[in-house]
Amino acid sequence: MGTAIMVGAGIGGVTAAVALQRCGWEVTVLERADALGEVGAGISVWPGAAAVLAEFGVKGVEQAAALSGPMGLRKPSGRWLVGAADLGVELPVMIHRAQLHELITDQFGPAVTVRTGYPVETVTQDETGVLVNGELRADLVVAADGLRSAIRAALYPQYAGPQYSGYTAYRGVSEAQVESGGETWGPAQRFGVARLVDGRTYWYATANQPAGQSGDLAEVIRRYGDWHDPIPTVLAATETALHNDIYDLPLPLVPFAAGRIALLGDAAHAMTPNMGRGACTAIEDAGALARHLSSAPDPVTALTRYDAERRPAATKLVKRSRQIGRVGQLDNPLAIGARDVLVWAGSSVARGAAALRRKG
Ligand SMILES: Cc1cc2nc3c(=O)[nH]c(=O)nc-3n(C[C@H](O)[C@H](O)[C@H](O)COP(=O)(O)OP(=O)(O)OC[C@H]3O[C@@H](n4cnc5c(N)ncnc54)[C@H](O)[C@@H]3O)c2cc1C
């Protein structure tokens with residue numbers, strides 16, 4: 001078929017490499033870090049992304065770990081606002097990021113070449129192909145270089161780039177076993193718990209604060225250590241916490257295609273993690289890109305079709321995730337009271353609709 005260069009070996013870049021390899025492309029993955037792999041804690045893989053992974057032969061994300069206890073939304077006291085069980089909503093598979101990354105890269109065959117310790121500095125193109133760092137030629141480049149994509153910045157210098165959400169996030173993996181899961185919403189902060197496929201517990205937490213402050217596990221215990229069970233138990237069996245300020249990209253998003261260069265994953269549509277969809281959307285991008293490259297007469301047409309399909313879908317998720325974050329991070333007691341009533345009322349309607357669906 002053709003030759004492609006992936007810039008970035010995050011979940012987006014490696015999935016795109018596997019997807020294009022499956023369609024007969026020769027792929028070179030360029031990663032500036034010295035080794036392949038992901039740090040991080042858990043990650044949710046929703047059914048759409050799991051289907052794409054399955055299509056490209058990635059196994060291990062078919063089935064979510066079962067919980068015997070309830071799931072849903074709670075207050076820090078432990079009072080339930082909404083139970084997930086009656087709502088008939090689909091639940092994602094929760095898996096450790098490093099494990100997911102490895103399951104994907106395990107599918108690399110001879111058509112995929114990986115170069116680590118290789119920072120991409122320039123990408124130029126003409127009618128016949130692309131040139132990376134003045135030395136590597138290919139038919140197309142996939143910029144999967146993340147939130148602070150240098151390729152996006154070079155293509156669209158007027159675009160403002162990442163904007164701070166107003167809140168920060170902590171994540172960790174605990175050796176404690178949980179039987180219930182879901183999110184707990186307190187004033188201006190949230191805590192979530194889920195069981196990973198390997199039986200360990202993934203937790204995450206958010207808090208309103210200015211960007212750039214430091215944070216560690218001690219800070220997490222100070223903030224959430226007196227919330228309801230199993231949060232104290234989960235934190236007590238955690239060794240370390242990751243800390244990231246939360247950013248997303250301003251709307252409207254820039255086009256995901258510029259000639260022979262495609263933007264994919266966070267480079268194209270970094271979103272706040274409130275729906276747990278960022279990496280899943282990158283995986284779905286990879287599936288769409290491979291499909292269009294297989295059916296279009298040439299790469300430029302394929303990338304134009306890819307942008308037309310993926311940009312509207314990603315725009316909705318960026319917007320929706322941002323809205324959920326605003327509601328979840330409310331700090332005014334009156335607004336929180338009104339929100340909780342609305343959440344409860346909305347869930348009652350959804351529960352009724354789910355019951356009707358089950359009967360019908
Ligand atoms: C707290 C938190 C929780 C989240 N939870 C979930 C979740 O549960 N489910 C979900 O689907 N998503 C989740 N996300 C979102 C998800 O992490 C991202 O959407 C996803 O990791 C993006 O993958 P990517 O491959 O596009 O970018 P990245 O993972 O950022 O990878 C970019 C890669 O490009 C490399 N790179 C950058 N510049 C260059 C260069 N110039 N040359 C060479 N290499 C370069 C980087 O080193 C990096 O390896 C979460 C995000 C956060 C912050």
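**The ligand site**

Guide: A polar backbone atom of G276 is 3.0 Å from a nitrogen atom of the ligand, which falls within the limit for a polar contact: a pair of N or O atoms within 3.5 Å (within protein, one must be able to donate a hydrogen and the other to accept it, and residues adjacent in sequence count only if both atoms are side-chain atoms). On its own the ligand exposes 1,000 Å², and the protein buries 84% of that (Shrake-Rupley areas with a 1.4 Å probe; for residues, only the protein chains shown count as cover). The model is predicted, with local features needing pLDDT of at least 70 and side-chain atom pairs pLDDT 80 or more, while totals for chains, interfaces and linings use all residues. Residues are numbered from 1 along each chain as its sequence is written, and side-chain values use heavy atoms, leaving out hydrogens and water.

A backbone N or O atom of V120 lies 2.9 Å from a nitrogen atom of the ligand, and one of I11 lies 3.3 Å from an oxygen atom of the ligand. V120 is also among the residues that come nearest to the ligand, with G12, E31, R97 and D266, out of 31 around it (near: a heavy atom within 4 Å). That shell divides into 14 nonpolar, nine polar and eight charged residues, where Ala, Val, Leu, Ile, Met, Phe, Trp, Tyr, Cys and Pro count as nonpolar, Asp, Glu, Lys and Arg as charged, and the others, Gly among them, as polar.

At least two shell residues come from each of α1 (11-22), β3 (42-45), β12 (163-174) and α8 (278-295); helices (H or I, at least four residues) and strands (E, at least two) are DSSP runs numbered from the N terminus. The ligand lies between domain 1 (3-64 + 95-162 + 248-328) and domain 2 (165-247 + 330-359), because both give residues to its shell; the domain bounds come from an automatic or database assignment.

The second largest pocket likewise draws on both domains, with at least three lining residues from each. It holds about 190 Å³ of space. Of its 14 lining residues, G172, V173, T238, E239 and T240 are closest to its centre. β12, which also supplies the ligand shell, gives the most to this lining, with three residues. Five of the lining residues are nonpolar, five polar and four charged.

On a 1 Å grid over the protein atoms alone, a cavity is a set of points where a 1.4 Å probe fits but cannot get out, a pocket is an open set with protein on both sides within 12 Å along at least five of seven lines, and lining residues have an atom within 4 Å of a point. Points are joined across faces, edges and corners, and a volume is the space filled by probe spheres set on them.

The cavity lining includes G72, R74, F191, H228 and P230. β13 supplies its largest share, four residues, and the lining as a whole has four nonpolar, six polar and two charged residues. P230 sits in the loop between α5 (217-224) and α6 (231-236), and the peptide bond from D229 to P230 is cis, with omega near 5°. Most peptide bonds are trans.
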